[in-house]
Amino acid sequence: MTEFLLHTLTGAGELFLESSVYVLFGLAVAGALRMVLSPERVAGHLGKGRILPVLKASLFGIPLPLCSCGVLPAASALRRQGAGKGPVAAFLISTPESGVDSIAVSWALLDPVLTVARPLAAFLTATAAGLAVSFLDKETNNEAAPPDKTCLVDGCCDGEDCPPEEHSRHHSIKEKIRAGLVFAKNEVWADMAGWFFAGLLLAGAVMALVPGNLAGAMLGDGLGAYLLMLAAGVPAYICATASTPLAAALILKGVSPGAALVFLLAGPATNAASLAVLRHILGGRATALYLASIMLFSVLSGWAVDALYGYLGGNARAVLGTAGELVPLWAKLLGAL
């Protein structure tokens, strides 16, 4: 038991060091995005129409650092402000499946192919789900309400009686940077920290328990592996950033990158606890289309990634985590602290 704990902590510690600087970078960018792109302001673009608002919602959701539970109140607010069900469904998928924080950690722990494939697959999945809901779920689209213009720095005004050009002079760049960093620490990091460390420990346990390529030999790299990863990811609650160390550990133990991608897509976008809320926001038919789209496109994305590796003759394990080599040890230690 002592040896197992030691190996688990060692593996988790190595992954933490490799990802620390990239997590901080992702949090800093998340704070900056808060100052320029919020769900309340996005709402103004997601009203009338069936195609363009869905594409906008899928695109807007990619960089936003919200997990599968954190995105629910944001989506509910979008719905109340007039966004249609299709765009809301797209936003509910692309936002938790990706994010600047998870992209940064993917670059640190995974390889460039998976780092690019992850947000791309999230965009395609979200777009497909949004279009399916828009065209197959009968609904009269609501008129889009004006976006919330309340000051993001300290709420000093509602933005209605204070023109943007005038309000822009109320706060200095220093104040805006501070507000963004406070948001990153108190909202984004507070929301993901526990799950991130839990993911690191679970990844360390996988590395300690599973010998060699046993996981790869058991799961394989075909449809069976994708369905098993889907079954593991759909009911579980795990945020995009926290799922990355676990995916890295599975790939190191022989699981195909495509199967790992299925888990990376399905896990953050769904969990059993949020289904009741989803049904309230979207309705029963739209929720069923939402889940079906995630399952179908997660599997298709996994197959496409494995096919791409086969075509390129690449081996994900050979380059896994090479981004960490770009960061000196002293920076990794400082980032971890």
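Me: How many helices and how many strands does the secondary structure of the protein come to?
Reply: This is a predicted model, in which local features need pLDDT of at least 70 and side-chain atom pairs count only at pLDDT 80 or more, while totals for chains, interfaces and linings use all residues. Residues are numbered from 1 along each chain as its sequence is written, and side-chain values use heavy atoms, with hydrogens and water left out. Helices (H or I, at least four residues) and strands (E, at least two) are taken as DSSP runs numbered from the N terminus. On that basis the secondary structure comes to 17 helices and zero strands.

Me: What percentage of the residues in the protein is buried?
Reply: A residue counts as buried under 20% relative accessible area, as exposed over 50% and as partly exposed in between, using a 1.4 Å probe and protein chains only. Of the 337 residues in the protein, the buried share is 53%.

Me: Which residues of helix α6 are buried?
Reply: Helix α6 covers residues 100-109, and because eight of its 10 residues are buried, the helix is largely enclosed by the rest of the structure. The buried residues are V100, D101, S102, A104, V105, S106, A108 and L109.

Me: Which backbone oxygen does the side chain of T115 reach?
Reply: T115 lies in helix α7 and is buried, with a relative accessible area of 8%. Leaving aside neighbours within four places in sequence, T115 is in contact (heavy atoms within 4.5 Å) with I103, S106, W107 and L110. At 3.3 Å, the side chain of T115 reaches the backbone oxygen of S106.

Me: At what angle do the axes of α7 and α15 cross?
Reply: Two packed helices are described by the angle between their axes and the distance between the axes. Axes here are lines fitted to C-alpha atoms, for helices over the stretch in contact, and angles run from 0 to 180 degrees between N-to-C directions. The axes of α7 (residues 112-136) and α15 (residues 284-312) come within 9 Å, and they cross at roughly 150°.

Me: What classes of residue does the contact of α7 with α15 have?
Reply: The contact is made by residues including V113, L114 and A117 of α7, and R285, A286 and L289 of α15. Ala, Val, Leu, Ile, Met, Phe, Trp, Tyr, Cys and Pro count as nonpolar, Asp, Glu, Lys and Arg as charged, and the others, Gly among them, as polar. By class, the contact has 17 nonpolar, three polar and one charged residues.

Me: How does helix α11 lie relative to α15?
Reply: Helix α11 (residues 223-233) packs with α15 at an angle of about 135°, their axes being 10 Å apart. Angles under 35 degrees count as roughly parallel, over 145 as roughly antiparallel, 65 to 115 as roughly perpendicular and the rest as oblique. The angle therefore makes α11, relative to α15, oblique.

Me: How far apart in space are P53 and A90, C-alpha to C-alpha?
Reply: P53 is found in helix α3 (residues 52-61), and at 4% relative accessibility P53 counts as buried. P53 and A90 are 37 residues apart in sequence, and their C-alpha to C-alpha distance in space is 9.3 Å.

Me: Which residues is T95 in contact with, leaving aside its neighbours within four places in sequence?
Reply: T95 has its place in helix α5 (residues 85-97), where T95 is buried with a relative accessible area of 0%. T95 and L59 are 36 residues apart in sequence and 8.9 Å apart in space, C-alpha to C-alpha. With neighbours within four places left aside, T95 is in contact with G61, L64, L66 and V71.

Methods
Polar contact = N/O pair within 3.5 Å; in protein donor to acceptor, adjacent residues only side chain to side chain.
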